[in-house]
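Dear colleague,

Please find below the structure that I am handing over to you, with its sequence. My findings follow directly after it.

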Amino acid sequence: MSLMDITSSFECPLCESKNVIKWGGDYKHSRADIAGVEESLYTLGGYQIRKCVLCDLLFKTPVLTQLQVSEYYEASTADQWGDGDFSFARRADVFEQKVLNFGGYGRVLDVGCSNGAMLASWGTRWDKYGAELSPIAATRAVERGIKIIDIEKGEEGFSEYFDVITVVDVIEHIPNPREFIGRLLKLLKPNGVMLWYTGDHSTPFWKFEKGGYWYCDIPEHVCFYSLESLAFVESHFSLKLLLHERYTHTRDRRRLFRLIQQLFKNAAFMVFSGWRKIFGLNFGIKRSTYPNFASARDHMLVVFSKKSS
Ligand SMILES: [Zn+2]
């Protein structure tokens, strides 16, 4: 760690600490699109990952603003979201069961509900709400019986309204989590349950590959959490952490095959990029980030409850 890293002016977007260090090297996204929209609105360029020493959050710099991200999602076409129902592969049944373990049926809000497939697969006893930036995906969700609300507009009749809030594959997209989590909590009833599903950076391959890990390489992924970051979330927002379990991102019947294949590819990339540094050899490989490693158990399912004040 160099002196420059310690004295940098970066501030943690979760705990606001300035005790932030650079984590890993300089990277360039290997993909140039956000939500399936080609990188035409803004130039993404290279990125670095910073680590907050206080709360263990990793965050990407530079990062698009929330407004810029919204523009990408608004420009997103039906193709990207499709009509697909990936609720089984995406463990929608597991999420429903976990939530029911800590409370009963009631009003549920799925933040970033996409085309509504997840909530549509949940039982009929739920009163289902969603929030979604992509208008095309939101229209599909409405057809699936999900009531769409705009959480950007604040409480407006939804103050302490929901029994359950789900944040699945979403929190890693949020550049200002402190403000975002605070906003969600205003919508949640006391003793209500909030479920997160996101990457867990305290997993072995991620720690080794650092900012070059496949999950960081996705342009719209900007913040990465660990159990330690969740402890900060718990204490700062008066939440109680009820559950933390690790999973692979999706269910995959051929997981073992893919794990071996991806281990091999990642190891090969490590060797080649080492040779590239030492001998200046290139082998035609241009990327600075590691190949996909989605067969690793690098996701966490987290359930919090909101303490009653
Ligand atoms: Zn922090």
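In this predicted model, strand E8, which covers residues 127-131, pairs with E9 in the parallel sense, over 2 bridges. Within this pair, Gly 130 stands opposite Ile 148 in E9.

The two strands belong to an open sheet of 7 strands, whose order is E9-E8-E7-E10-E11-E14-E13 and whose pairing is mixed. Strand E9 (147-148) and strand E13 (239-247) are the edge strands, each pairing on one side only.

Helices accompany this sheet. Helix H7 (residues 177-187) packs on the sheet and touches strands E7, E10, E11 and E14; the direction of H7 makes about 140° with that of E11. Helix H10 (residues 227-236) lies across E13 and E14 and runs at about 160° to E13. In total, the protein has 11 helices and 14 strands.

Of the 309 residues of the protein, 39% count as buried. The largest nonpolar core has 64 residues; the members that touch the most others are Leu 57, Leu 109, Ile 165, Val 167, Met 194 and Leu 195. Strand E11 provides the largest share of this core, with 6 residues. Both domain 1 (3-65) and domain 2 (78-252 + 291-306) contribute at least three residues each to the core.

Which residues does Leu 57 touch, not counting those up to four places away in sequence? They are Cys 12, Leu 14, Cys 52, Cys 223, Tyr 225 and Ser 229. There is also a second, separate core of 5 residues, including Val 69, Tyr 72, Tyr 73 and Leu 133.

With kind regards

Terms used
Residues numbered from 1 in each chain as written. Predicted model: local features only at pLDDT ≥ 70, side-chain atom pairs only at ≥ 80, totals over all residues. Pairing = 2+ DSSP bridges. Helix = DSSP H or I, 4+ residues; strand = E, 2+ residues; numbered from the N terminus. Contact = placed C-beta atoms within 7 Å. Axes fitted to C-alpha atoms, helices over the stretch in contact; angles between N-to-C directions. Buried ≥ 20, exposed ≤ 12 C-beta atoms within 10 Å, placed from the backbone. Core = buried A, V, L, I, M, F, W, Y, C linked by C-beta atoms within 7 Å. Domains from an automatic or database assignment.
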